[in-house]
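Please keep the viewer open while you read.

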Amino acid sequence: MVGVSDGQSSARASAAAGPPPGRPLLSLTLTSMMDEVHAHSGAVYVLAPDQPVLLMAVMAGLPRAFAAPWERVGLNAPVPVADAARERRLVWVGGEEEMARRYPRIAVVLPYPFALAAVPLVTESAAYGAVFVTWPGSHPPELSDWEREHLLAACDRLALRLERAARRGRPLIPEPDLLGGPAVGGLAGTPGAVEAARMVERLPYGLCSLDLHGRVGFASPAAADLLGVPVTRLLGTPLWVSVPWLNDPVYEDRYRAALFSQRATSFTALRPPGDWLSFRLYPSTTGLSVRISRARAVSELNRARPRFGGAPSPLVTITQVLSLAGALTEAVGVQDVVQLVADEVAPAVGSRGLVVLRPRAGRLRVLGHRGYADPHAVERFDGTPLAEQTPGTQVLRTGVPAFFESPEHLEHLYPGRRATRDGFAAWAYLPLIASGRPVGTCVLAYAEPHTFPAEERAVLTSLAGLIAQALERALLYDTKHRLAHGLQEALLPHSLPSLPGLEAAARYLPATQGMDIGGDFYDLVPAQGLAAAVIGDVQGHNVTAAGLMGQVRTAVRAYTAVGQSPREVMSSTNRLLIDLDADLFASCLYLRLDPARGRAVMSRAGHPPPLLRRADGRVRVLDLAGGPLLGVDGSAAYPTAEVDLAPGCLLALYTDGLVEAPGVDLEDAVTGLGRRLAEAGDLPLDELADSLVRQDRRDTGGEERLDDVALLLIRARPQP
């Protein structure tokens, strides 16, 4: 058997000796460690040989299902064992509130009172994994020096043994998890069994014994009678499996809470059709004893849902939190986050008001609020210096949540709030910490005085962690969004020039996926008494595409200004794109307009054909010959064609985003665009442009656009 010594010198001797061959090294070391420090559960993780992942090798004291989300843990994951292994230090979490603040992902799944220590398994030359052990919530908030020394010494010894085994090429053998002894089906064969059975039968309530997996090992006849299930069906199964009306995650959560906290828990449940039963769970490190009795009269209010010690069910809150987490992944901008918190979090916790704040340039800024009858009650705090003593600034500075159960409580600590009452009676100020820094504060306001038990505070703090991560992403997105739109606006023309014999209008809509920026462009350029119209589409929807688009548009203007013909403009732009070696292609349509002669010369490079609406309302698709996409072939030729541009004619130049849609044939889409142009072509150009863009949004499913859209309309006017 692997021995565990009390001193460092004997530890080295024990390590040198090693365990007897074939003995479960990890299991014996873990249980010995837990016994020394009086921990009630623990696990050993080993580092995977080929990737930065910790694998749970063995767990003791509680079913592995309790830690199922962390059976495989990345070294960079925000969990204690990963921090311990990565930073080669002991990590201590003294209770549920600290867990919620530092490791919200764990607190969301395990919102119970317990303490945890994670210790690395490392030697001077290598890291082998980590160990965690847990204590019930009754453990002091600080780890004692004696416990710290014993944990570090035990893990040092185990790391040395793992190092010795690795040098000898001895792989670790699989080891079973260690739980309490197996459930027993009765008391036969033990001293006083008959008298004990008679005593149990005389009691006015039922008794059950559950193992650590929740399976029934013993049930008294009274318990079976109260549950309405024979003893034979109860034995060997969890209560929530064998008793149909207990098949609710809420009840299973009470069993988990009792085991984790090692504190008695209780709940009431309705046995159909109308009998309320009271369940009291008494835990130990080997299982639980359950007392079942008829509940006292339950009010109609409590009949609406199960009642557990007067407090809301943590599992219900967890379900809502998990739903919120999923919703927050879809939040894009800051206002999306504010709205989701208002829709999902506030109702779940009974809050009637919400404010989200952030620090900026030394002041507190209001990002959004909901539920306040007088918006000024919130907005007057916008711009508050961070140095000022207010609950919002205090929470931001310290990173510690603040809970105020009544106006008197708040005003006692912050007398200045007497003059700035907001109509609410209780508040939770939650710091939003992401990437180790404060990104804001979430204020939940309650209409009535509200107590905040430790369990609720832990859940709210966990929620704040999830909100903080979403808010950080949203702030970054909004910043990039503003930058992208600023770049796009700088690269596209701010207005179209007024040219003799022509009127023009243009629209641009970015794609709704990616950065809301793309490579579509258009321009209208005076050209030595004539005019040139150009529209194009650089591949991609990102800053690279937008930057290249700006270069292409500038090149077209330059080649036009020096008097090149349409064929030469396209060829020169094609060679430039190849020389830039951007690995991106572009489509382009270029027209040299001569309204005085009523003609236009067109050159096309892989671009959708323009539409020509004549004065009589007929529409023609100008699907004339052209060349390949720009940037493909440096020797490509781009033929030209002359088209009619008599007074009253209307040219519609567009990019593929206006006509392409999933499941729609491109030719049908172009035909549909021509039909709309024929029907509405007499409208003023600005109204017509808006109409065509709006119709496109309806045809492609509303607000979602997979591609950006550019549209340029040019109408020939009669010459004076």
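A361 counts as exposed, at 79% relative accessibility; exposed means over 50% relative accessible area, buried under 20%, and partly exposed in between, with a 1.4 Å probe and protein chains only. The model is a predicted one: local features need pLDDT of at least 70, side-chain atom pairs count only at pLDDT 80 or more, and totals for chains, interfaces and linings use all residues. Residues are numbered from 1 along each chain as its sequence is written, and side-chain values use heavy atoms, with hydrogens and water left out.

A361 sits in the loop between strand 12 and strand 13 (363-370), and its phi is positive, near 55°, in a residue other than glycine. H38 also has a positive phi, about 60°, although it is not a glycine. You will find H38 in the loop between helix 2 (25-37) and strand 1, where H38 is exposed with a relative accessible area of 61%. As background, most residues other than glycine have a negative phi, and most peptide bonds are trans. A cis peptide bond joins P272 and P273, with omega about 10°. P273 belongs to the loop between strand 9 (265-271) and strand 10 (275-284).

## The chain as a whole

The chain has 22 helices and 27 strands. These elements are DSSP runs numbered from the N terminus: helices are H or I with at least four residues, strands E with at least two. Of the 720 residues in the chain, 51% are buried. Contact here means heavy atoms within 4.5 Å. Among contacts in the chain between residues at least 6 apart in sequence, 62% join residues at least 24 apart.

## Two nonpolar cores

The largest nonpolar core has 61 residues, and those with the most contacts inside it include Y45, L227, L246, F279 and I292. Helix 11 (residues 249-261) gives the most to this core, with 6 residues. A second, separate core of 49 residues includes L499, Y508, L524 and L622. A nonpolar core is a set of buried Ala, Val, Leu, Ile, Met, Phe, Trp, Tyr and Cys residues joined through side-chain atoms within 4.5 Å.

What does F279 touch, leaving aside its neighbours within four places in sequence? Its contacts are L227, W245, L246, T265, S266, F267, A269, V290, R291 and I292.

Is strand 1 (residues 41-47) mostly covered or mostly open? Of its 7 residues, 6 are buried, and the strand is mostly covered. Strands pair if DSSP finds at least two bridges between them. Strand 1 runs antiparallel to strand 6 (residues 127-136), joined by 6 bridges, and V44 has V131 as its bridge partner in strand 6.

Strand 1 also pairs with strand 2 (residues 53-60) in the antiparallel sense, over 6 bridges. G42 stands opposite A60 in strand 2, and strand 1 and strand 2 form a hairpin with 5 residues between them.

Strand 22 (residues 599-605) and strand 25 run antiparallel, joined by 5 bridges, and in strand 25 the bridge partner of R599 is D644.

## L357 in strand 12

L357 lies in strand 12 (residues 353-360) and counts as buried, at 7% relative accessibility. Not counting residues up to four places away in sequence, L357 touches L364, R365, V366, L367, V439, G440, T441 and V443. The C-alpha atoms of L357 and V439 are separated by 8.6 Å, although the two are 82 residues apart along the chain.
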